[in-house]
Amino acid sequence: MVKHIVMWKVKEHEVHGTKEEVMQKIKVGLESLKGQIEGLEEIEVGINFNTSEAAYDVVLNSVLTSKEALEHYQNHPKHLEVANGLVRQVATSRVVVDYSI
């Protein structure tokens, strides 16, 4: 099993809306992948309420069956639709950690 955690700082976007709307769209888009991609066991997206400068806005916490399943997830058309069609357009910063559990 593999844990895949990603955090983003995001900005408001002329097409995708206010920062709050953007964060909600990311949550809905990524969580909609549950049951759609083989090997993706769990997926949860949290929206931050901490106002610290060090805080990120959105966190993805997911569990996949293997490193191969993570690679499959990252290249899957449904994931790429959310990633390219939304997240990469609004993210100003990104950090990630992947580890075996």
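The face of α1 (19-31) that is turned away from the buried side of the helix carries the exposed residues Glu20 and Val28; exposed denotes over 50% relative accessible area, buried under 20%, and partly exposed the range in between, computed with a 1.4 Å probe on protein chains only. The model is predicted, and local features need pLDDT of at least 70, side-chain atom pairs count only at pLDDT 80 or more, and totals for chains, interfaces and linings use all residues. Residues are numbered from 1 along each chain as its sequence is written, and side-chain values use heavy atoms, with hydrogens and water left out. Helices (H or I, at least four residues) and strands (E, at least two) are DSSP runs numbered from the N terminus.

The buried residues of α1 are Val22, Met23, Ile26, Gly29 and Leu30. Viewed down the axis of α1, these buried residues fall within an arc of 135 degrees, so they line one face of the helix; the arc is taken over the directions from the helix axis to the C-beta atoms. They pack against β1 (2-10), β2, β3 (58-64), α2 (67-75) and α3 (77-90). The end C-alpha atoms of α1 are 18 Å apart, in agreement with the 18 Å that its 13 residues should span at 1.5 Å a residue, the expected span being 1.5 Å times one less than the number of residues.

In α2, the buried residues are Ala69, Leu70 and Tyr73. Seen down the axis of α2, they fall within an arc of 105 degrees, so they line one face of the helix. The face of α2 turned away from this buried side carries the exposed residues Lys67, Glu68, Glu71 and Asn75. The cover over the buried residues of α2 includes β1, α1, β2, β3, α3 and β4.

Gly39 lies in the loop between α1 and β2 (40-47) and is buried, with a relative accessible area of 13%. Apart from neighbours within four places in sequence, Gly39 is in contact (heavy atoms within 4.5 Å) with Val63, Leu64, Thr65 and Ala69. The C-alpha atoms of Gly39 and Ser66 are separated by 7.4 Å, although the two residues are 27 residues apart along the chain.

His4, in strand β1, is buried, with a relative accessible area of 3%. The side chains of His4 and Asp98 are joined by a polar contact of 2.4 Å. A polar contact is a pair of N or O atoms within 3.5 Å; within protein, one must be able to donate a hydrogen and the other to accept it, and residues adjacent in sequence count only if both atoms are side-chain atoms. Beyond four places in sequence, the contacts of His4 include Leu60, Leu64, Leu70, Tyr73 and Val97.

Tyr99, found in strand β4, is partly exposed, with a relative accessible area of 36%. Leaving aside neighbours within four places in sequence, Tyr99 is in contact with Met1, Val2, Lys3 and Ile5. The C-alpha atoms of Tyr99 and Lys25, 74 residues apart along the chain, are separated by 26 Å.
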